[in-house]
Amino acid sequence: MHPTVTPTHCPYCALQCGMNLTPTPGGGVEVSERADFPVNRGALCGKGRTAPALLSSRLRLTSPLVRRAGNLEPASWDEALDRIADGLSRTRTEHGPDACGVFGGGGLTNEKAYALGKFARVVLRTSQIDYNGRFCMSSAAAAGIKAFGLDRGLPFPLEDIPRTGCVILVGSNLAETMPPALRYLTELRENGGTLIVIDPRRTRTAEQADLHLAPRPGTDLALALGMLHLIVAEGRTDEAFLQERTSGWEEARAAAMAHWPEYVERITGVSVPELREAVRLFCEPEAAMVLTARGPEQQSKGTDTVGAWINLCLATGRSGRPLSGYGCLTGQGNGQGGREHGQKADQLPGYRKLTDPAARRHVAEVWGIDPDSLPGPGRSAYELLDAMGTDIRSLLLMGSNPVVSAPRAAHIEQRLRSLEFLAVADVVLSETAALADVVLPVTQWAEETGTTTSLEGRVLLRRQAVTPPDGVRSDLYVLHELALRLGVEKGFPTDPEEVFEELRRASAGGAADYSGITYRRLAEESGVFWPCPAGGPGDTLAGGPGGTLAGVAAGVAVRPTAGAAVSEPIGTPVCGPAGPSLGEPVGPARDSAGVHPGTPRLFLDRFATEDGRARFVPVSHRPSAEEPDEEYPVLLTTGRVVAQYQSGAQTRRVDELNAAAPGPFVEMHPRLAARLGAAEGDPVAVVSRRGRAVAPARITRAIRPDTVFMPFHWPGEGRANNLTNPALDPTSRMPEFKTCAVRVETLAPGGPAAAESPA
C-alpha cells in the first residue's frame with residue numbers, strides 16, 4: 001500500500017509555497033515537490049524544505065505547563081485551562097474587561113484569527129486586541145486604503161510580474177526573505193524588462209538589479225518625491241489617466257514639486273543622474289510596477305512613504321491597468337488573511353471597520369449578539385504591549401514572540417514580566433512563552449486543516465497530513481474550552497471548516513468577501529482570489545453539499561473540474577452580477593452555475609472608492625523620528641537572513657538552518673570598521689537610547705559607510721530589537737524598526753571606544 005501524499009502549503013512566508021507531505025516509516029514526514037501549484041512551481045527554500053523537523057516531539061511542546069513556585073511544570077489540560085479562565089475572569093472582575101488583553105499573530109490561519117477576534121469581543125468583551133502583523137504590513141495597508149479604497153497586498157497575481165516592463169522594488173531582499181519568488185524577477189529581465197532595487201545595502205536581490213539605488217535609511221519618502229518631481233518636469237505624466245481615473249492630483253503635484261532633485265540628493269545620498277535614470281527606466285515601457293516591503297513601511301512615516309510610491313504609479317498611469325500597479329510584498333504566512341478577519345484593534349471580519357454601525361450590525365447578527373455589546377477600537381500592537389502591567393493586567397497571547405520581535409524589546413520583556421497573568425499558546429517554548437504563567441502546546445501547520453491567504457490575496461487550503469502528539473490540542477480547541485469556562489457555551493466550534501463557514505457569512509458583503517469560497521473549491525482549485533461573493537445554486541452560504549469537503553478524499557490532490565474558472569481573464573466583479581466592478585469584465589463574471597471565479601486582478605475598471613477614482617494623497621518629506629547626532633552618529637537598520645524566520649522561535653531549533661545562520665552579526669562598511677579598529681569577527685557593541693546589543697562584526701562594502709545592519713532573529717545579548725525605536729506612524733501605528741541612531745563600540749582590546757560619524 002502506497003503512503004498517503006497530502007498536498008499542502010509551507011508554514012512560513014506569505015508566498016505559501018505548495019508542497020507535498022508523505023509520512024515515512026520511522027514516523028517522520030518527507031517533503032516533496034508540488035509542481036502543479038503555480039506560485040512556486042515546486043521550488044522550495046531551505047526553511048520550507050526543513051519545515052517537518054519541527055513536527056518532532058524533541059523540538060516542540062507536548063504538554064501544558066503551569067508555573068508552580070516560580071517554575072514551569074507539566075500539567076493536565078484541565079488544570080491549565082482552568083488556570084487561564086480563572087486568571088482572565090479575576091482580571092475582568094477586579095479591573096474591568098479592558099484590563100484583559102489579547103495578542104495574535106500573522107501566522108495564525110484565517111479560522112484561528114477569526115475565532116480569536118470573536119473570543120476577545122464576545123467572551124472577554126475587551127477592546128484590547130491586536131496582533132504582530134501590525135509590525136509588518138500596516139503602513140502599506142493604510143496607504144492602499146487611502147489611495148484605492150481597499151488593501152490587498154498584490155492587486156495582481158505574481159505571474160504578471162515577468163510580463164511587465166519595469167519593476168521598482170523598494171526595501172525588499174526577497175532573494176533571502178522569499179527565495180522562490182526571485183524567479184519572477186529573473187524572468188522579468190529575461191523577457192527584456194528592467195529591475196530597479198532600492199535598498200541601503202547591496203543585497204543578493206540588489207545584485208540582480210539593472211539599477212541599484214542605496215538611499216540613506218529613512219529617506220525613501222524623499223526619493224519617491226524626487227522621482228515624481230522629475231516625472232512632472234520631464235512631461236512623463238499620463239494626463240488622460242489623471243483626468244479620467246484619479247482625484248487630488250494638483251495637491252500631490254504641488255507637494256512633489258517642492259522636492260527638486262538636488263535637494264533630494266542631499267537628503268538621500270542618491271545622485272541626480274541616478275534619479276533620472278530610474279525615472280527613464282520606469283517610464284519608458286508601457287507597463288511598470290512598484291513593489292514595497294518592510295524597508296519603506298517600517299518607519300514612523302511609513303504610510304506617507306508608501307503613499308508617495310503609489311502617487312508615482314498613479315501619475316504615470318501605472319495602476320488599474322494590465323501588468324501595472326502598486327503592490328506590497330506581505331511577509332508572514334497569513335499576514336494578508338490575518339489582517340482581514342478581526343484580530344486587529346479596529347476591525348471586524350471581512351475587513352470591516354469596527355466603528356461602522358452597519359458593519360457592527362452585520363457581524364453581530366452572525367454572532368447572535370447585540371451590536372451595542374461589541375467593544376470599540378482598542379490599542380495598536382506596541383501600545384497594547386506598552387500598557388501591560390498598568391492598564392492591561394492579563395494577556396492571552398497566540399502565535400507571537402514579542403520578547404524578540406517587538407521594538408524596544410527589553411522594555412517589552414519587562415512589561416510582560418509585570419503582568420498579573422500571562423497565558424501563551426504556541427508550538428515551542430519561545431522566549432515569551434518562558435515568561436508565562438500557563439503555556440499551552442498547540443498544533444502546527446501539518447497537524448491541522450485550515451486556510452491562509454497569500455500575498456496575492458489567494459485563499460488556500462492547508463490540509464492535515466499527520467496526527468499531532470497526544471498532549472497537543474488546536475488553538476480552536478483552546479478558545480472553545482476557554483469560552484465554556486467563561487460562560488459562553490456556543491459559537492466556538494473546534495472544526496476548522498465549521499469556523500470557515502461562519503467566517504464566510506461574517507465576511508459577506510465586506511471588502512474582503514470570502515462568502516463564495518468553500519473548502520471544496522479550495523481543494524479543487526489552486527486557491528481562490530478574494531473578493532469572491534457567494535451566488536448560484538452550488539455556492540451556498542448555508543454550508544450545504546455544494547460547499548463542504550464531504551466526499552473529497554483527504555490527502556489526495558483533486559484536479560479542477562471541467563469548466564472551473566481557476567484563472568479567468570483580466571478582472572471580475574466584486575459585488576455580484578449587478579454590483580460595481582473592481583476589475584475589467586473581459587470574461588464571464590460567473591460560470592454557468594452562477595459561481596464567482598474570484599478576482600485575481602483588481603482595479604482594472606474602477607477603484608474601490610465611492611466615485612471609482614484613485615485618490616492622490618499629498619505628502620512631503622520629513623526626518624525620521626530619530627536622526628544621528630554627536631552621541632549616536634550612525635544609523636541602524638534591521639532585517640532578516642535567508643536561513644532564519646521572524647523571531648527565530650521555530651527556525652533556531654532546526655540544526656540545518658542554525659548551521660547556515662548560527663547567530664547575530666553587525667554588518668558594517670570597511671571605513672566604519674577602520675575607525676573602530678574592528679576586524680572581521682571581532683565583537684562590537686551597538687548602543688541606542690533604548691539599549692545595547694553585542695555581536696561579531698561582519699565587514700563588507702555592500703552597506704553604506706554611515707549605516708550598520710543587524711538581523712533580528714535572536715534573543716540574548718545580540719537581540720537587535722533592544723535598539724529599535726517604537727516611534728509610531730500616526731496612521732498605521734507602525735513602529736520605526738528600519739532606522740534609529742546608534743553608536744558602535746569595539747570590545748576588542750586596543751580599539752577606539754566608539755565610532756565617530758562617518759565622513
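A nonpolar core here is a set of buried Ala, Val, Leu, Ile, Met, Phe, Trp, Tyr and Cys residues joined through side-chain atoms within 4.5 Å. Buried means under 20% relative accessible area, exposed over 50% and partly exposed in between, with a 1.4 Å probe and protein chains only. Before you click: this is a predicted model, where local features need pLDDT of at least 70 and side-chain atom pairs count only at pLDDT 80 or more, while totals for chains, interfaces and linings use all residues. Residues are numbered from 1 along each chain as its sequence is written, and side-chain values use heavy atoms, with hydrogens and water left out.

**Stop 1: the core**

Select Phe119, Ile168 and Trp309: of the 115 residues in the largest nonpolar core, these touch the most other members. Now colour helix α7 (residues 220-233), which gives the most to this core, with nine residues. Helices (H or I, at least four residues) and strands (E, at least two) are DSSP runs, numbered from the N terminus. Then zoom in on Ile168. Its contacts (heavy atoms within 4.5 Å) include Met227, Phe282, Trp309 and Leu312, not counting residues up to four places away in sequence. Apart from this core lies another, of 57 residues, among them Ala14, Ala181, Ala209 and Ala643.

**Stop 2: the seven-stranded sheet**

Show β5-β4-β18-β17-β16-β6-β7: in that order, seven strands form an open sheet with mixed pairing. Two strands count as paired if DSSP finds at least two bridges between them. The edges are β5 (71-74) and β7 (129-131), each pairing on one side only. Select β6 (residues 100-104) and β16 (residues 394-398), which run parallel and are joined by four bridges. Gly101 has Leu395 as its bridge partner in β16. For angles, axes are lines fitted to C-alpha atoms, for helices over the stretch in contact, and values run from 0 to 180 degrees between N-to-C directions.

**Stop 3: the three-stranded sheet**

Next, select β1, β2 and β3, which form an open antiparallel sheet in that order. Its edge strands are β1 (6-9) and β3 (29-32). Neighbouring strands here are turned by 40° against each other on average, direction ignored. β2 (residues 18-23) and β3 share four bridges, and Pro23 stands opposite Val29 in β3.

**Stop 4**

Most residues other than glycine have a negative phi, and most peptide bonds are trans. What is the phi of Gln16? About 50°, a positive value although Gln16 is not a glycine. Gln16 sits in the loop between β1 and β2 and counts as buried because its relative accessibility is 0%. Arg125 also has a positive phi, near 60°; look for Arg125 in the loop between α3 and β7. With a relative accessible area of 40%, Arg125 is partly exposed. Finally, select Trp530 and Pro531, joined by a cis peptide bond with omega about 0°. Pro531 lies in the loop between β21 (528-529) and β22 (614-615).

**Stop 5: a buried threonine**

End at Thr177 in helix α5 (residues 174-177). Buried or exposed? Thr177 counts as buried, because its relative accessibility is 17%. Leaving aside neighbours within four places in sequence, Thr177 is in contact with Cys13 and Arg640.
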